[in-house]
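Hi,

Here is the structure I promised to pass on. My notes on what turned up are below it.

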Amino acid sequence: MADGHITYTSENLTGAVLERIRGDADPRIQQVMTALIRHVHDFVREVELTPEEWEQGVGFLTELGRWCDDKRQEVILLSDILGVSMLVDAIAHRTHASVSETTVLGPFHRENPPPMKNGENMSPGVEGEPLEVEVRILDADGNPLEGAQVDVWHTSPDGFYDSQLGEEHNMRGRFVTGPDGLVAFPTVMPASYPVPHDGPVGRVLAAMGRGPMRPTHVHFWIKKPGYRDLITHIFKDGDPYLHEDAVFGVKASLVTDWDEPKKQGRPAKLTYEFRIPKADADTNAAKD
């Protein structure tokens with residue numbers, strides 16, 4: 001072999017690939033790609049990936065793309081079931097105990113839900129067990145926030161979101177808080193449900209011996225100028241899937257007892273106080 005040539009091996013290939021990253025590349029690109037290349041190479045070495053398995057992996061990623069459309073995002077679903085979505089969320093929203101915890105947005109949020117007023121039924125025409133919802137939007141110190149936009153959505157009693165049933169909006173609404181920070185309305189009890197598992201991500205779940213179920217919950221997305229957005233769920237205590245949520249979205253502070261009023265003969269009720277910090281609190285928290 002002529003002088004100056006090199007043979008790449010399992011021992012020296014990673015370093016050679018990393019050296020190809022130009023020194024004048026964007027610093028964040030350098031950081032992210034260096035870590036990505038190093039971890040991917042370490043993974044291949046650790047499991048001693050075979051050429052046949054590599055081909056299967058390429059085919060799997062190609063199939064993921066084919067399953068994506070304007071109503072389904074299979075790549076995000078893969079991120080969800082691997083816990084990556086929640087890890088990104090946890091890193092981005094390290095908070096103090098005085099503010100409410102976040103969780104994943106989920107694939108069923110819809111833009112421009114119907115505007116609603118307190119007391120208006122959020123699930124007209126949907127039959128099911130009644131559920132009263134009463135939440136307050138507060139700042140980090142517990143003061144009510146007026147003019148906060150609160151998007152709310154949940155499944156039907158059969159475990160389907162409206163977007164899975166058709167184009168009509170139902171079981172979702174957009175509220176705006178008054179001086180007391182209150183949002184209150186009747187709806188129907190949602191249900192636990194499976195994430196889409198008829199595609200490639202479903203096969204991954206099955207291969208790992210995992211189920212696709214998510215526990216019963218109601219989604220909230222809270223916005224107010226000058227404050228940090230809060231995207232979260234409130235989960236129903238006692239749901240059988242709380243400890244095996246397919247997307248790892250459950251947090252202890254977000255689990256509440258909706259059935260307590262039923263002991264006094266009243267409808268089930270979800271109550272919660274959401275606390276959101278000012279937007280500049282993110283910068284201050286990063287310095288702590």
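V135 has V183, in strand 4, as its bridge partner. Strand 1 (residues 130–139) runs antiparallel to strand 4, and the two pair over seven bridges; pairing here takes at least two DSSP bridges between two strands. Helices (H or I, at least four residues) and strands (E, at least two) are DSSP runs, numbered from the N terminus.

Keep in mind that this is a predicted model: local features need pLDDT of at least 70, side-chain atom pairs count only at pLDDT 80 or more, and totals for chains, interfaces and linings use all residues. Residues are numbered from 1 along each chain as its sequence is written, and side-chain values use heavy atoms, with hydrogens and water left out.

Back to the strands: the order 4-1-10 makes an open sheet of three strands with mixed pairing. Strand 4 (182–188) and strand 10 (268–276) are its edges, each pairing on one side only.

The largest pocket holds about 660 Å³. A pocket is an open set of points on a 1 Å grid over the protein atoms alone, with protein on both sides within 12 Å along at least five of seven lines; a cavity is a set where a 1.4 Å probe fits but cannot get out, and lining residues have an atom within 4 Å of a point. Volumes are the space filled by probe spheres set on the points, which are joined across faces, edges and corners. Of the 25 lining residues, K71, R72, G106, P107 and F108 lie nearest the centre of the largest pocket, and helix 4 gives the most, with four.

The second largest pocket has about 530 Å³. F43, L49, G57, V58 and L61 are the closest to its centre among 14 lining residues, and helix 3 gives the most, seven.

Cheers
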